[in-house]
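The following questions and answers concern a single protein model.

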Amino acid sequence: MAQPESKKIFFENLSGAGKAIAVLTSGGDAQGMNAAVRAVVRMGLYVGAKVYFIHEGYQGMVDGGENIVEASWESVSSMLQVGGTVIGSARCKEFRTHEGRLKAAHNLVQQGITNLCVIGGDGSLTGANLFREEWSGLLTELVEQGLIEADAVQKYSALHIVGMVGSIDNDFCGTDMTIGTDSALHRIIEVVDAIMTTAQSHQRTFVLEVMGRHCGYLALVSALACGADWVLIPEMPPEDGWEDKMCEKLSATRSRGTRLNIIIVAEGAIDRHGKPITSGIVKDLVVKCLGFDTRVTILGHVQRGGTPSAFDRILASRMGVEAVLALLETTANTPACVVSLCGNQSVRLPLMECVQMTQEVQRAMDGKRFEEAVRLRGRSFENNLRTYKLLAHRKPESELPVSNFNVAVLNVGAPAAGMNAAVRSAVRVGISEGHKMFAVSDGFEGFYKGQIKEIKWADVGGWTGQGGTLLGTKRTLPGKHVDKIAEQMRLHNINALLIVGGFEAFESLLQLYEARATHEDFCIPMCMLPATISNNVPGTDLSIGADTALNAIVETCDRIKQSASGTKRRVFIIETMGGYCGYLASVGGLAAGADAAYIYEEPFDIRDLQANVEHLTEKMKTSIQRGLVLRNENCNENYTTDFIYQLYSEEGRGVFDSRKNVLGHMQQGGAPSPFDRNFGTKITAKAMQWVSKKLVETYRQGRVFANTEDTCCLLGMRRRALVFQPVVQLKGETDFVHRIPKEQWWLKLRPLMKILAKYKTSYDVSDSGQLMHVVRNRQKESDASVAI
């Protein structure tokens, strides 16, 4: 199904001919840096520029020689899935001196390089900006010393800098996520999930120390993702007397029947007086006050290692391409910029504005202005902290508001990882708002059968890390059972409904809205949260569960490709789920480095298949050893996975052989990723607060009566904002036959995948990041950052 034509600006007009771009990684390494390097190299070559590696960061730039090497297309093959940085990174004291920067300038001019793409933290980017500011003076000095010709000053008059933030700490202001952060969260959550099983067996308390010398993001988000009992971060030290409060909390948790406690400590955690709080101090405190069997686990550099997550590969690939576009568009008067992520959009921000804001955070912490430090970190950080406190610390019954409202929560459609985190969030936020929460088992089938029971705070303990859905779910729609469902709603006096699910949940909400005409029982606030691996729900760019499925696909593709290492040339045909929605095939293909991805939304014929085979054959003859082709399960009823496999096998005979693999339901299983846990937790918290607001607004004369469009909504992420949208208004945006939205944002990523696979194509840059300014506490940031 073709997408509507939009006004497009194609980057073919932005030629890189005659330009030389160098890419370097500096400071601490981070998973995903290689994906960024690969994207810069291939996009640079694609537009006709020369691209150079600078090995060992700024040290390599100062030393020159073999450290500055021209890159080829093949030189970045097979690096997408590799952690760390294959071009090396080093901290360089010499570059901090004028003499060191003079050597670096000489080495760049010798190669004709005037465009730098720097991947690193705030220190690396600050150094790059200083280098840029000194550039013309450095060239003049080189002429005076007779090291370069006088005409070189004019020829290489300006140095252009674009930065990408590679840091697992996510400590750079101006971007929602830095390259490597999501992968580091994966490492932490893998450890926490493993520790929970042994802690439960022995009724132990575990104190985990995670990285974050000056930034508590990793500690805070991992605490939110695993439902930790206590978290200690440098931006918000605990109030005096925290020791007693923490021990009371741990003791209360155990008294409710929980067999374990998890405490997460950032390595830079301090108290209100600036005194360090170490994991050892916390352990000794728990043992002394409570006598609990307590162990310490320091994760250390495990967090930096391992394979980059799907999120980091996609983020780094998008940023790398955006960085090259920024360099093509830059002029002598353009300030050095950093490519950032805001919500689901790439943006460009002035580099030094971001650096100055980041430094302000540290100054606020040094001055013990902790509330200001949290605010300067951005609304994303503030929202994480607020949500954690809401879900982890239960108020005494006497402090809870009394609303007298009953809210039911249920799952509808196929299971998706993160559904349990969403239900936990709904229950605990609902109880905090004073509501009585009811859980419905097995979707609307369980609803009309009366499988409804009250659910308490402690009932959802430990749910965040559980895959699937503990409430159970069915695809049954309510349309044929509205009478029985209405009867159950009267029986349990249900005043609001929260539905977590996929396309069936969307259809269900439409049916309930239409049933308001005949049943007043449905004249209540109703909200839906999108949760499906297919990511095919209208009104949202992202769905709970899709990230976990992408990681399953990418991990499997990595293993499948590795299985062919050392053998003859081989192409793998992989079938993904998704119904008629090509999100998993397309975005999974981008993250796994696929050569092609066949989807329903982009029709193809036998000529396209033949062209793909010929393209792969040519690549196999000259460079690559392994090819990867993804196919959405319903992309074409005739060109099946078997057909494509047989076509590639026949046409590639003599050059490569083929294998096929159907991934199936493994894409639906497994523990939810950190992203899905937090996305599910935080958008549900927002939805419950909306429900509470609507209940108050629609309560009249002793009852709730809500029959307007804006009381029956879907909460979805649209570009940079989280938006409550009436489901009736989304009908026009929906293809109900194929169960997909009529317009889908991720289709704009497909040309990027093709470019990185060496296809000639057009890339729409009309949405490319325009230079913006860092604004404290942007409203849009506050909405979008809930998703991160």
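Q: Is Asn 406 buried or exposed?
A: In this predicted model, Asn 406 has a relative accessible area of 10%. Burial is defined as under 20% relative accessible area. Because its 10% falls under that cut-off, Asn 406 is classed as buried.

Q: Which residues does Asn 406 touch, not counting residues up to four places away in sequence?
A: Asn 406 belongs to strand β12, which covers residues 406-412. Two of its contacts, Lys 436 and Phe 438, fall within strand β13, residues 436-440. With residues up to four places away in sequence left out, the residues touched are Lys 436, Phe 438, His 492, Asn 493, Ile 494, Asn 495 and Ala 496.

Q: In what sense do β12 and β13 pair, parallel or antiparallel?
A: Strands of a sheet pair through backbone hydrogen bonds, in either of two senses. Here β12 and β13 are joined over 4 bridges, and Val 407 stands opposite Met 437 in β13. Strand β13 is mostly covered, with 4 of its 5 residues buried. The sense of the β12 and β13 pairing is parallel.

Q: Which are the edge strands of the open sheet of 7 strands?
A: The strand order is β3-β2-β1-β4-β5-β10-β11, with mixed pairing. The twist from one strand to the next averages 25°. An edge strand here pairs on one side only, and this applies to β3 (68-70) and β11 (345-350).

Q: Which residue in β2 stands opposite Ile 21?
A: Strand β1 spans residues 20-25 and β2 spans residues 50-54. These strands run parallel and are joined by 4 bridges. The residue opposite Ile 21 is Val 51.

Q: At about what angle does α11 run to β11?
A: Helix α11 lies across β5 (160-165), β10 (337-342) and β11. Its residues are 351-366, and it also gives two or more residues to the lining of the second largest pocket. Relative to β11, α11 runs at about 85°.

Q: Which element gives the largest share of the lining of the second largest pocket?
A: This pocket has a volume of about 950 Å³ and is lined by 37 residues, with Arg 91, Gly 121, Asp 122, Gly 123 and Arg 213 nearest its centre. By class, the lining has 10 nonpolar, 16 polar and 11 charged residues. The elements that give two or more residues are α4 (122-144) and α11 (351-366). The largest share, 6 residues, comes from α4.

Note on methods. Residues numbered from 1 in each chain as written. Predicted model: local features only at pLDDT ≥ 70, side-chain atom pairs only at ≥ 80, totals over all residues. Heavy atoms only, no water. 1 Å grid on protein atoms, 1.4 Å probe; cavity = no way out; pocket = protein on both sides within 12 Å on 5 of 7 lines; lining within 4 Å. Points joined across faces, edges and corners; volume = space filled by probe spheres on them. Nonpolar A, V, L, I, M, F, W, Y, C, P; charged D, E, K, R; others polar. Pairing = 2+ DSSP bridges. Axes fitted to C-alpha atoms, helices over the stretch in contact; angles between N-to-C directions. Contact = heavy atoms within 4.5 Å. Buried < 20%, exposed > 50% of the residue type's maximum accessible area, 1.4 Å probe, protein only.
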